[in-house]
Amino acid sequence: MKKVLVTRKLLRSCEDKASKLFNSHFNSNDELYSQKKLIELSKGYDGILSSLTDKIDKNTIEKLPETIKIISNFAVGFGNIDIEAAKKRGIAVTNTPDVLTDATAEIAILLILGACRRANEGINWVKKENWKWSSDFLIGKQLTGSRLGILGMGRIGRAVAKIAKSFGMEIHYRNRSRLSPEIENGAKYHESIKSLFSVSDVLSICCPATKETKDIINKETLEYFPTGAIITNVARGDMIDDDAMVQALINRKIYAIGLDVYKGEPKINPEYLKQPTAFILPHLGSATKKTRTAMADLAIDNIDEFFRSGTCKNKVN
Ligand code: DGY
């Protein structure tokens, strides 16, 4: 039986599945392993089932034992792993696409609604117990007829577009390549982010974190947006220059934000917490039982497939 190090606690049924297939080491206290500890624990193992909280950089990969042949990441994103360094060492890296599309799109829509309809301020008023209804109390922005810009029209972006269309939003997008008319389904493609941002009453960031998308929302690009735009992010925190974003909220260039992901999370830039118009969640994108089960099962299947056939359809390097 192959030996697999599972870095974070999984749902019980998924750990049971992993136990049947591999000689698995689980992390019952769900402790966050340091890079040093991860390297030490990997000794004698054939594979690692990692999560997005494990920073498996070049230095870590270079020190992993020779026996490690696969890192199966329990996430669709794999920005936490240096996939080139892994490739050089002959270590396959896999992810869990598809299965979290709908759950993440739901959170993207929650962020859009929460930011547009001032949910954070509403919750704060309810907690103070002294709110009263009036015709101009917490007036927000309605989605009907407004323009939604989607940055990254992959599976999640397209699922967001589908739901947003049913709210009567007009869909615009920017993607590495233009989609076929059939998949576009009426969404308008933009050749540049400047063009996309300038028509985005609301923006939903759904693209992968890469060198090109790092800090794509910054002091300069925030100026492209219509005044009073709303920006939401369900992808990765690296895409936003937080200082510039906070400043744009303070000077009302940006009306509100909805965030589920943060640069350096679980730390959050403390300035966000002071902004009443920031509707913020603790990385809940895929957090449903159905989806987390499907993700872990797929991460396990990826390892199984890899050891049976020498490769895996969800290999990303
Ligand atoms: C992913 O899989 O990349 C998600 O962000 C996890 O919630």
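Buried means under 20% relative accessible area, exposed over 50%, and partly exposed in between, with a 1.4 Å probe and protein chains only. Helices (H or I, at least four residues) and strands (E, at least two) are DSSP runs, numbered from the N terminus.

This is a predicted model, where local features need pLDDT of at least 70 and side-chain atom pairs count only at pLDDT 80 or more, while totals for chains, interfaces and linings use all residues. Residues are numbered from 1 along each chain as its sequence is written, and side-chain values use heavy atoms, with hydrogens and water left out.

**Stop 1: strand 10**

Select residues 229-233, which are strand 10. Five of its five residues are buried, so strand 10 is largely enclosed by the rest of the structure. Look at its two sides. Ala229, Ile231 and Asn233 lie on one, Ile230 and Thr232 on the other, and all are buried. In a regular strand the side chains alternate between the two faces of the sheet.

**Stop 2**

Now widen the selection. Seven strands make an open sheet in the order 8-7-6-9-10-11-12, with parallel pairing. Two strands pair if DSSP finds at least two bridges between them. At the edges are strand 8 (188-189) and strand 12 (278-280), each pairing on one side only.

Which residues partner Ile231 of strand 10? Leu203 has Ile231 as its bridge partner, and in strand 11 the partner of Ile231 is Ile257. Strands 9 and 10 pair in the parallel sense over four bridges. Thr232 stands opposite Gly258 in strand 11. Six of the six residues of strand 11 are buried, so strand 11 too is largely enclosed by the rest of the structure.

Move to strand 6 (residues 147-151) and strand 7 (residues 170-174), a parallel pair with five bridges. Here Ile150 stands opposite Tyr173. Next, show helix 7 (residues 155-166). Helix 7 packs on the sheet, touching strands 6, 7 and 9, and its direction makes about 170 degrees with that of strand 6. Contact means heavy atoms within 4.5 Å. Axes are lines fitted to C-alpha atoms, for helices over the stretch in contact, and angles run from 0 to 180 degrees between N-to-C directions. Then show helix 11 (residues 242-250). Helix 11 packs on the sheet as well, touching strand 10 and strand 11 (254-259), at about 135 degrees to the direction of strand 11.

**Stop 3: Ser204**

Select Ser204 in strand 9 (residues 202-205). Is Ser204 buried or exposed? Ser204 is buried, with a relative accessible area of 1%. Leaving aside neighbours within four places in sequence, its contacts include Ala108, Ile112, Leu148, Ile150, Val160 and Thr232.

**Stop 4: helix 5**

Ala108 and Ile112 are among the buried residues of helix 5. Select residues 101-116 to see the whole helix. At 1.5 Å a residue, its 16 residues should span 22 Å, and the end C-alpha atoms are 22 Å apart, which agrees. The expected span is 1.5 Å times one less than the number of residues. Twelve of the 16 residues are buried, leaving helix 5 mostly covered. Just after the helix, Arg118 takes a positive phi of about 55 degrees.

**Stop 5**

Five strands form another open sheet, in the order 2-1-3-4-5, with parallel pairing. Strand 2 (23-25) and strand 5 (92-94) stand at the edges with a single partner strand each, so one side of each has no neighbour in the sheet. Neighbouring strands here are turned by 20 degrees against each other on average, direction ignored.

Zoom in on strand 4 (residues 70-73). Three bridges join strand 4 to strand 5, and the two run parallel. Ser72 has Thr94 of strand 5 as its bridge partner. Helix 13 lies across strands 1, 3, 4 and 5, at about 155 degrees to strand 4.

**Stop 6: the ligand**

- Val76: a backbone N or O atom lies 2.7 Å from a ligand oxygen atom.
- His283: a polar side-chain atom lies 2.8 Å from a ligand oxygen atom.
- Ser286: a side-chain N or O atom is 2.8 Å from a ligand oxygen atom.

How values were computed: Polar contact = N/O pair within 3.5 Å; in protein donor to acceptor, adjacent residues only side chain to side chain.
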